[in-house]
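Q: I'd like to learn how to read a model like this one, feature by feature. Can we walk through it together?

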Amino acid sequence: MGRFCSPLALTLLAMALLQGCGQPRISGRIVGGGDAPRGRWPWQVSIQYNGHHFCGGSLISAQWVVTAAHCQGSHLGWPECMFIYRVILGEYQLFNPSPSRVASSVRQIIIHPNYSSQSADVALVQLTEPVRFTDEIRPICWLGSSDSSPDNDMCWVTGWGTTDSNVSLPSPKTLQEVQVQLIDFKACNTLYNIDPDPQIGRDPVKPNMICAGYAEGKKDSCQGDSGGPLACDHNGTWFLTGVVSWGDGCGKPNRPGVYIRTEAYGEWMWGHVSSSNQPSTTVSHTSWINDAGPSFSTFILSFTMLLLSR
């Protein structure tokens, strides 16, 4: 028998979205980008080892962050020495701590079981305690695998990574942002197949990935941005469309950045987030969906947006 959405489940989902998923209070390097306005990307986190930033991530609920699986092998001692790691939330300038800054220790790290250099470069980090949402700490919305991505091909990538290959972001290390165009994996492979790198080979971009950037290059994510968000606006609500994963250099022609397509991993993400009994910001979940009604998640999103617009 299919599971039907109860009034309680409907209320819980509406409340989860009404708490501010994908709703920054501020509207309006990464290569080719610039300083982000303070508070514009409240889901952006810095994952730090021994006090040093090494990867980005996105807050998706009060206690969970999504990042790249390859970040977890960036330093010796992960995950055995999790006490050395911190997730920094509400930060703007890494060398000039913000009053909104919250540093959380890590309870557990879950790497996707199918992770390899070719696939599933995604991981979840559970904070030791739920964080309190503020104007500068808020979760981003995300889609389940049964939902379609927002139809907006211009999105934003953010982070504290290098501003070019081996060029560090200058002090005080202000969060960077850049607008990029989405490129589907087939079109992206066409670009990567132009004078292909022998170490990468032909058709390196898989269906569970998405690219973002431009054929001419110049605007891209770079080292240190790994694990961070590729965020897309849909009618005023921001969705996590991708996770910074890999690229051939930074900002090079015919080499757009490659991101894990989070839509492909929504079910896996939800399975872990929901098991911790924390409110999630996912738009849909199979236990809350009438199996005979595939448009339910569209309905609840529209219903919640109506509430948010008042």
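This is a predicted model: local features need pLDDT of at least 70, side-chain atom pairs count only at pLDDT 80 or more; totals for chains, interfaces and linings use all residues.

Q: Which residues is Gln44 in contact with, leaving aside its neighbours within four places in sequence?
A: The list runs Gly56, Gly57, Ile88, Thr158, Gly159, Trp160, Leu175 and Pro229. Gln44 itself is found in strand β2, residues 44–49.

Q: Is Gln44 buried or exposed?
A: The cut-off to know is that buried means under 20% relative accessible area. Gln44 has 3% relative accessibility, so Gln44 counts as buried.

Q: What does the side chain of Gln44 make a polar contact with?
A: The partner is the side chain of Thr158, at 2.6 Å.

Q: Let's move on to strands. How do β2 and β3 pair?
A: In a regular strand, the general idea is that side chains alternate between the two faces of the sheet. Here β2 and β3 pair in the antiparallel sense, over six bridges.

Q: How many residues of β3 are buried?
A: Six of its eight, which leaves β3 mostly covered.

Q: Now aromatics. How is a pair of rings described?
A: You give the distance of the centres and the angle of the planes. This structure holds eight aromatic pairs. One of them is Phe54 with Tyr85, edge-to-face, at 5.8 Å centre to centre and 75° between the planes. Phe54 lies in strand β3 (residues 52–59) and Tyr85 in strand β5 (residues 85–89), so the pair ties together parts that are 31 residues apart in sequence. Both Phe54 and Tyr85 are buried.

Q: Why is the pair of Trp142 and Trp270 tilted?
A: Angles under 30 degrees count as stacked and over 60 as edge-to-face, with the rest tilted. The planes of Trp142 and Trp270 are at 45°, with the ring centres 6.4 Å apart, so this pair is tilted. Trp142 sits in the loop between β8 and β9, Trp270 in helix α3, 128 residues apart. Trp142 and Trp270 are both buried.

Q: Which residues form one aromatic cluster?
A: Trp41, Trp43, Trp156 and Trp238 do. Have a look at Arg40 too: Arg40 lies over the face of Trp156, 4.7 Å from the ring centre.

Q: Last topic: how many disulfides does the structure hold?
A: Five. Counting bonded cysteines along the chain, the pattern is 1-4, 2-3, 5-9, 6-7, 8-10. In one of them, Cys55 and Cys71 have their sulfur atoms 2.0 Å apart. The torsion about their S-S bond is about -90°, so this disulfide is left-handed. Cys55 lies in strand β3 and Cys71 in the loop between β4 and β5, so the pair ties together parts that are 16 residues apart in sequence.

Q: What about the disulfide that joins Cys222 to Cys250?
A: The S to S distance is 2.0 Å. The torsion is about 90°, so the disulfide of Cys222 and Cys250 is right-handed. Both Cys222 and Cys250 are buried.

Key
Residues are numbered from 1 along each chain as its sequence is written. Side-chain values use heavy atoms; hydrogens and water are left out. Helices (H or I, at least four residues) and strands (E, at least two) are DSSP runs, numbered from the N terminus. Buried means under 20% relative accessible area, exposed over 50%, partly exposed in between (1.4 Å probe, protein chains only). A polar contact is a pair of N or O atoms within 3.5 Å; within protein, one must be able to donate a hydrogen and the other to accept it, and residues adjacent in sequence count only if both atoms are side-chain atoms. Contact means heavy atoms within 4.5 Å. Rings of Phe, Tyr and Trp (its six-membered ring) pair if their centres lie within 6.5 Å; planes under 30 degrees apart count as stacked, over 60 as edge-to-face and the rest as tilted. A charge sits over a ring if NZ of Lys or CZ of Arg is within 6 Å of the ring centre and within 35 degrees of the ring normal. Two strands pair if DSSP finds at least two bridges between them. A disulfide is a pair of cysteine sulfur atoms within 2.5 Å.
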